[in-house]
Amino acid sequence: MESTLALVKPHAFPRADEILSAITSAGFTITAKDVLSLNTTRAAAFYAAHPPPAGAGASSPPVPVADLIGALTAGPVMALVVSKAGGGVNDELASLAGPEDPATARTAAPGSLRARFGVDAAKNAVHVVAPGADAEAQVAFFFPERERELPSGAAAKEYLMGSVVPSLTKGLTELCRVAPADPLGWLSTFLGDAAREARGGDASADAEAEAAKGAEANGEAKKDKQKIVFVLGGPGSGKGTQCARLVEDFHFDHFSAGDLLRAEVKSGSSTGVEIDRMIANGEIVPGDITISLLANAISSSTAPGILIDGFPRKLDQAGAFEKDVSDFAFVLFFDCPEEVMEERLLKRGETSGRVDDNAESIRKRFDTFVKTSMPVIEYYEAKGKVRRVDATKTPDEVYAVVKGFF
Ligand SMILES: Nc1ncnc2c1ncn2[C@@H]1O[C@H](COP(=O)(O)OP(=O)(O)OP(=O)(O)O)[C@@H](O)[C@H]1O
Ligand SMILES: Nc1ccn([C@@H]2O[C@H](COP(=O)(O)O)[C@@H](O)[C@H]2O)c(=O)n1
């Protein structure tokens with residue numbers, strides 16, 4: 001089915017029913033409809049992107065664009081996506097609309113829409129897409145969210161079947177099994193990983209070039225030889241406490257994303273004020289800021305392992321870190337119910353001086369954790385990369401399990 005755009009102009013709007021009926025009687029289907037009013041800026045933007053045709057088929061002399069804009073902004077407009085099986089929908093609809101100037105239409109095509117409902121060359125009842133113009137772009141101007149049909153040609157099918165469908169099917173199957181809260185974010189990370197894996201097998205030169213590019217951009221090298229572990233868990237689940245023990249026993253480096261962000265606030269940098277506000281609200285700071293702080297911190301590490309605490313808090317951060325900074329070994333996840341974490345954080349708040357260790361911020365942090373950070377854990381769990389620990393026990397009991405993973 002091919003589609004194009006039609007606009008019932010304001011002066012003809014009261015007769016929109018008759019116009020729709022003429023369109024459908026001619027064998028077209030209306031597949032989307034919207035009533036809107038356009039201001040001058042938007043109408044001007046439309047005509048700037050899609051200039052009215054000059055020359056063949058256009059009225060003579062051409063209608064000034066200012067008049068077209070005036071006609072389109074005079075009242076409600078009905079925007080239609082008009083579809084028909086087979087090709088040529090544009091030309092067929094243009095023919096049903098008739099010549100641009102209703103005066104000409106009344107003699108040359110008396111049954112046409114412009115002959116029947118038009119007033120003059122600007123108030124000519126309907127805008128239709130001129131033959132040869134970009135119908136899809138004009139449809140997208142008024143219906144940006146509209147789902148498009150996949151191209152159906154053999155070459156398109158072969159291309160999709162070979163390059164996309166196998167990974168997409170695998171991703172969609174896994175997506176249904178995991179049912180994460182943020183399905184599109186989850187799927188985008190899954191497909192990013194699949195693309196990297198597909199490149200990895202026989203394209204080591206590409207991978208190296210990509211790594212070098214990321215390293216160059218970040219000013220540091222990918223950490224290929226060090227074991228990198230993401231340490232995740234709700235606020236107050238005990239990530240920092242357990243990391244301190246691992247540092248002592250295994251001489252790892254420990255970088256807490258939260259600590260790096262708090263240091264940025266303290267440094268008085270221009271972004272510090274906004275970061276402080278986001279932390280107090282339990283919001284996630286944009287990934288590029290956190291990743292660049294982390295990349296900078298780990299670039300000088302020579303420890304046998306690196307613990308990255310409180311990161312990635314969002315699926316896109318995970319993908320970006322893996323792409324630009326480093327692979328990682330696994331996620332160490334501290335599983336802890338909110339009541340336990342709340343009690344610990346309120347206690348810590350008595351002395352921590354943190355802007356977010358108070359009841360209101362804690363509630364917001366929990367909310368962000370459930371909605372935004374749990375999908376990261378679900379994502380990596382589905383890939384078998386999560387080591388889960390019951391974090392409700394005493395620090396010693398928790399550590400006994402934790403150290404078994406190293
Ligand atoms: N297993 C535990 N049992 C009881 N209290 C604990 C335990 N682990 C940590 N704590 C205490 O709970 C508080 C939070 O711990 P910690 O700072 O390690 O958590 P976190 O996950 O790093 O928190 P955040 O994400 O807010 O930085 C601290 O006061 C800590 O002493
Ligand atoms: N990847 C991250 C990590 C932290 N934040 C912000 O910092 C706050 C405190 O983090 P903790 O790990 O120390 O609890 C957190 O609530 C976020 O506001 C972040 O944005 N991104």
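Predicted model: local features only at pLDDT ≥ 70, side-chain atom pairs only at ≥ 80, totals over all residues.
1. Ligand 1 sits in the largest pocket.

2. Which residues come nearest to ligand 1? There are 16 residues around ligand 1, and the nearest are Lys-239, Thr-241, Arg-348, Arg-365 and Lys-393. By class, the shell around ligand 1 is made up of seven polar, six charged and three nonpolar residues.

3. Helix H12, residues 239–250, and helix H17, residues 338–352, each give at least two residues to the shell around ligand 1.

4. Oxygen atoms of ligand 1 take part in several polar contacts. Lys-239 has a polar side-chain atom 2.7 Å from an oxygen atom of ligand 1. For Arg-365, a polar side-chain atom lies 2.8 Å from an oxygen atom of ligand 1. Gly-240 uses its backbone instead: a polar backbone atom there is 2.9 Å from an oxygen atom of the ligand. On its own, ligand 1 has 630 Å² of accessible area, and the protein covers 75% of this.

5. Ligand 2 has 17 residues around it, of which Arg-262, Glu-283, Val-285, Gly-310 and Arg-313 come nearest. Sorted by class, the shell around ligand 2 holds seven nonpolar, six charged and four polar residues.

6. Which helix gives the most to the shell around ligand 2? Helix H13 does, with four residues. Helix H13 spans 257–266, and helix H14 spans 272–280; each of them supplies at least two residues of this shell.

7. The polar contacts of ligand 2 involve both nitrogen and oxygen atoms of the ligand. A nitrogen atom of ligand 2 is 3.0 Å from a polar backbone atom of Gly-310. An oxygen atom of ligand 2 lies 3.2 Å from a polar side-chain atom of Arg-354. In the side chain of Arg-365, an N or O atom is 3.4 Å from an oxygen atom of ligand 2. The accessible area of ligand 2 on its own is 450 Å², and the protein covers 96% of it.

8. One residue deserves a second look. The side chain of Arg-365 has a polar atom 2.8 Å from an oxygen atom of ligand 1, and an N or O atom 3.4 Å from an oxygen atom of ligand 2.

Technical notes. Residues numbered from 1 in each chain as written. Chains lettered and ligands numbered in written order. Heavy atoms only, no water. Near = heavy atom within 4 Å. Polar contact = N/O pair within 3.5 Å; in protein donor to acceptor, adjacent residues only side chain to side chain. Areas by Shrake-Rupley, 256 points an atom, 1.4 Å probe, with all protein chains shown as cover. 1 Å grid on protein atoms, 1.4 Å probe; cavity = no way out; pocket = protein on both sides within 12 Å on 5 of 7 lines; lining within 4 Å. Sits in = over half its atoms within 2 Å of the grid points. Nonpolar A, V, L, I, M, F, W, Y, C, P; charged D, E, K, R; others polar.
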